[in-house]
Structures are given as structure tokens and as C-alpha cells.
Amino acid sequence: MTQRPVIPGFHPDPSICRVDDTYYLVTSSFEYAPGVPIFRSTDLRSWEQIGNVLDRPSQLDVSSAGPSGGIFAPTLRHHDGRFWLITTNWSDEGGQLIVWADDPAGPWSEPVRIPSAIGIDPDLAWDDDGTCLMSYAGFGPKGGEGIVQSAIDPLTGEVLTERRWLWSGTGGKFPEGPHLYRIGEEWYLLVAEGGTEKGHAVTIARGPSPQGPFEGNPANPILTHRSTDLPVQSTGHSDLVQRPDGSWALVYHGVRTRGSSPEWHVLGRETFADDVVWEDGWPVLAGHVEPSTAPDAAVREELTGTVLPPTWVAASRFPSEVVDPADDGWCVTAAGAQPVFVGRRQEHLFARVRARLDVTGTGGLSVRIDPRHALDLEVVAGTVRAVWAVGDVRHELGRAELGGPAELEVRMLPTEGHEFSTARGPDRVVAGLVRDGDFTELGQVDGRYLSTEVAGGMTGRMVGICCTSGSVLVRSFAYEGADDPAVVGGGPAGPRPWAA
């Protein structure tokens, strides 16, 4: 790999701002809660998640959000000493959502809503006279309208002006993800277009005022990897930031595709960054910003105690609704007829996950894109089954009796087969049982069946605990990942000791 994400895993639609020497960045979260993870960095290379903006049910309702519903692209800004965030909850019909905070780590305010602004990907900018401008990808009676704008009161959500059309990009489909900036004497409008698939691109226009008229950059698009053999594809949805020394950078999302043609990505859209220089008044990309960790550095998360870290989320609900502390860990309880999933993102090309569970009812360890595209180690009545879900089909790959202390383990390992074989997928997902340090495989699937290209949607792989009835007591849970397969047992030397 010649380019690696600065925030790996399912972290799409990045938006960034800087305050003094510190950068803050948010990404989309879709059906998962808490929503809108927020990160902090001082160098654009090393990022720490400091919380989630929408961290309580009074701010966020994703109960009716199916896969890839819920929270779409947010925008994060700092204005007059206060942090502002605007986003769209596409699952509750409340329209655009605005919250603010004095400290980006929280607490964030209760939201105000703008239901009359029908569209997605809202942006906030302030005119020279202090007027707050909301620009977004507008939806009209005949479909997309391009980028539109209204003045608003961000404290109340009141729309102060009629919607005004700004720009529709250069002709690519789905002009969206606008960000408006005052840079020097010009106003710049940055957008994504071409769809968030392989045709994705970033284009930019400028004009004399925040209402335009906007003239496109003759060199558009300023970023796209379409029709190239670059290992990162579907690049787009970007945001500009100026460093303290006056230089500039661009954050954007992309996917790391693998396997035979037409290739698959499994981690979702990840956040990347590039340096930017200005030529003739236009931004030009000038090289990648690489993460501080090496590809062979193992990243480990082992849950201890009874409090889940901010990296953990639940699908279509908050973890607090189904997770309770227990004497020896924490307990996930089923919620009615809908399966419960609580977990974290797979953030590396290769990974392994291990859990020690006591199941009363039906539940276990899961790696998934969504409920219909998953590989579950499902425990019921003392038996563990490797169950593969693809579409509406659930197929048992293998089973074993627990019969004493054991741990469940799922490994995401390199694919096998000839380089040009159609059987060569992005990776292999292997599920099994660990007793006395020995791993017994119960089944494996080609990773393409746990990819976005097969499942559809806009999220990425998650790993965690599933529960369909009764409860699951989680006594231990560990994640280990790296972009070098040897770290997680996928190299020629064979498996290495867990967390060695």
C-alpha cells in the first residue's frame, strides 16, 4: 500500500477545523449510536477519539434507521469561541440538526432542527457581517437541485431567507458535501460530485461573495482517483484546513480496494489527508499526509471493567439501552424481535477478535456489514455455530460443543488463490473456537460477501457482540489489527501468540 488513512476504518465524510494548534475532526456515523465520532490531533497524522457529539438519546433518534440510514455527513466549525456542528438525521424526518459546545469533548447542546431544509450534507459559514449561512445539497420536487443556501439563526434553527441556488459542480452526478470558505478576498465553494463510488471527485469554485456567482476551477477536479490503478479509490467528500504556519491541507475519504476485478472494499470509507499548495488562486494537492503508525504496528483494544469506550456503538440504538455492567464484565440483553448488535469498527486490513462469553439464550461474536451480511459465532444451548448470513440466506458452516472453558475468535486474513483468479477476494474471514491456546476452525467465507460492494450502503465492517434472545455476558473482548497480515497470524510464519 502506498497510501494509508490517517483515521482508518469506517470513518467517512470528514469535516475538520483548527483552534490554535489543535485540529478537530468529525465523521458520519449513519445508523450507529452514539453518533458523530469526534477526534483531536496536533499534527494531522495522529488522531485520538475524544468522544461522540451526539452521545445521548435526547440528541439522536436512530430507532428507525436501517443500514446506512441515520446520520449523514456532518460539518464541524469554530466561530466566536464556540464549536458548531450541523448534520442530517435521515431517519427521523426532522431535517437538519445543529448542536454547539464550548468544549469539543462535550457536553454538546440539545439539537435545534430545520425540517424545511430538505437535503443532505449541510455546511455552516459566517458572512462578514456575522450572518450564519447554511449551504447543503438540496432536494427538490424533481430530485437533486445542486448546492443551495439559506441564512439561518443557528441557535433557533429559524430560516431567515429563501433558498438560493449556488452551484451544481462540473456535471458529475450527485453534487453534495459543500463547504464554503472565505480565503483572502474570495469565497470558495468546495463540493463532492460523481457519486461516492468509483467516480467520486472533489471540485471547487470561487466567487466574490458567499452567494456567488461561482466560477469553477479550470483544473477541476482537484482530487479524483477514478480510472487509475491507485490503491485508494472513490476519493471525495473533502474539507480544507489551514495549519498554524499558514500552509494548508485537505482531508477526504476513500476506500482501499482489494481482490480481483472489479475489487471490493470492506472497511468502509476511511479518512485520508493531503498537503495543499495554492497556484493562481486555486488549491493543488502536493503529497499525502501519512499516519504516524507503521503498517506492521499492532493496534490492540482489550475491554476491561464495565464501561464501554467511545469507540463502541450499537446499531439503531444506544449501547446504554441494551448494555448493563455485571460483576465480571458487562451484559448485552436482547430487545424485542430485533437482533441487538454492539461493537466497534474493523479499522485494519487484517485483524482478529476474541471474546469469552456466557450466553443465556442466543448470541455470540459477530463480524458484519449489516445484519444480512455477517459471519456470526452463535452460541445456543452449549453449542457454538459458525453462521454465514448473505442476503436472506443464513447458512451454518460448522459447529462444535463448548464443553468447558473456551473463547470465540474471528480472523480477517489474506485472500488466497492466483492473482488474476475471480476467486480472489479482498480477504478471508475465518471463525473458530480456542481451547487451551489451540484454534479450531468452524468455517470461513470469502471477504467479498462482507463487503460494501455486495451488501450495498455506505458503512463498513463492524466487529462485536450480537444477541437475538436472552442475554450475553461478556467476560472479555479483545481486538488486534494491523495492515501487515503477519501481525495477526496471516503471514508465512503462521499465527503468533495473541497480543504478544
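**View 1. Glu176 and its surroundings.** Leaving out residues up to four places away in sequence, Glu176 touches Ile120, Asp121, Ala137, Ile147, Val191, Ala192 and His200; contact here means heavy atoms within 4.5 Å. This is a predicted model, so local features need pLDDT of at least 70 and side-chain atom pairs count only at pLDDT 80 or more, while totals for chains, interfaces and linings use all residues. Residues are numbered from 1 along each chain as its sequence is written, and side-chain values use heavy atoms, with hydrogens and water left out. Glu176 sits in strand S14; helices (H or I, at least four residues) and strands (E, at least two) are DSSP runs, numbered from the N terminus. With a relative accessible area of 14%, Glu176 is buried. Buried means under 20% relative accessible area, exposed over 50%, and partly exposed in between (1.4 Å probe, protein chains only).

**View 2. Asp13, the other "active site" entry.** UniProt, in an unreviewed entry, lists Asp13 and Glu176 under "active site". They are spread over 164 residues of sequence, yet they cluster in space, the largest C-alpha distance being 10.8 Å. UniProt positions are given in the numbering used here, feature names are shortened, and annotations may be inferred rather than shown by experiment. Look for Asp13 in the segment before strand S1 (15-19). Asp13 counts as buried, at 5% relative accessibility. Setting aside neighbours within four places in sequence, Asp13 is in contact with Val26, Thr27, Ser28, Phe30, Ala73, Pro74, His237, His253 and Arg269. With Ser28 there is also a side-chain polar contact of 2.5 Å. A polar contact is a pair of N or O atoms within 3.5 Å; within protein, one must be able to donate a hydrogen and the other to accept it, and residues adjacent in sequence count only if both atoms are side-chain atoms.

**View 3. The open sheet that holds S14.** Four strands make up an open sheet in the order S14-S15-S16-S17, with antiparallel pairing. Strand S14 (176-183) and strand S17 (215-216) are at the edges with a single partner strand each, so one side of each has no neighbour in the sheet. Two strands pair if DSSP finds at least two bridges between them. Strand S16 (residues 201-207) and S17 run antiparallel and are joined by two bridges. For Ala205, the bridge partner in S17 is Gly216.

**View 4. Strand S2 and its two partners.** In strand S2 (residues 22-26), five of its five residues are buried. Thr22, Tyr24 and Val26 point one way from S2, Tyr23 and Leu25 the other way. S1 and S2 pair in the antiparallel sense over five bridges, and Cys17 has Tyr24 as its bridge partner in S2. The two strands form a hairpin with two residues between them, and Asp20 in the turn has a positive phi of about 60 degrees. S2 also pairs with strand S4 (residues 35-41), antiparallel over four bridges. There, Leu25 stands opposite Phe39.

**View 5. Arg113 and what its side chain reaches.** Arg113 belongs to strand S9 (residues 112-114) and, at 25% relative accessibility, counts as partly exposed. Beyond four places in sequence, its contacts include Asn89, Gly94, Leu97 and Gly157.

View 6. Rings of Phe, Tyr and Trp (its six-membered ring) pair if their centres lie within 6.5 Å; planes under 30 degrees apart count as stacked, over 60 as edge-to-face and the rest as tilted. The count comes to 14 aromatic pairs. Trp84 and Trp126 have ring centres 6.2 Å apart and planes at 50 degrees, so this pair is tilted. Trp84 is in strand S7 (residues 82-88) and Trp126 in strand S10 (residues 119-126), 42 residues apart. Tyr188 and Trp282 make an edge-to-face pair, 6.0 Å centre to centre with 90 degrees between the planes. Both Tyr188 and Trp282 are buried. Ring pairs also link Phe10, Phe30, Tyr32, Phe72, Trp90 and Phe139 into a cluster. Finally, the charged end of Arg82 sits over the ring of Trp100, 3.6 Å from its centre. A charge sits over a ring if NZ of Lys or CZ of Arg is within 6 Å of the ring centre and within 35 degrees of the ring normal.
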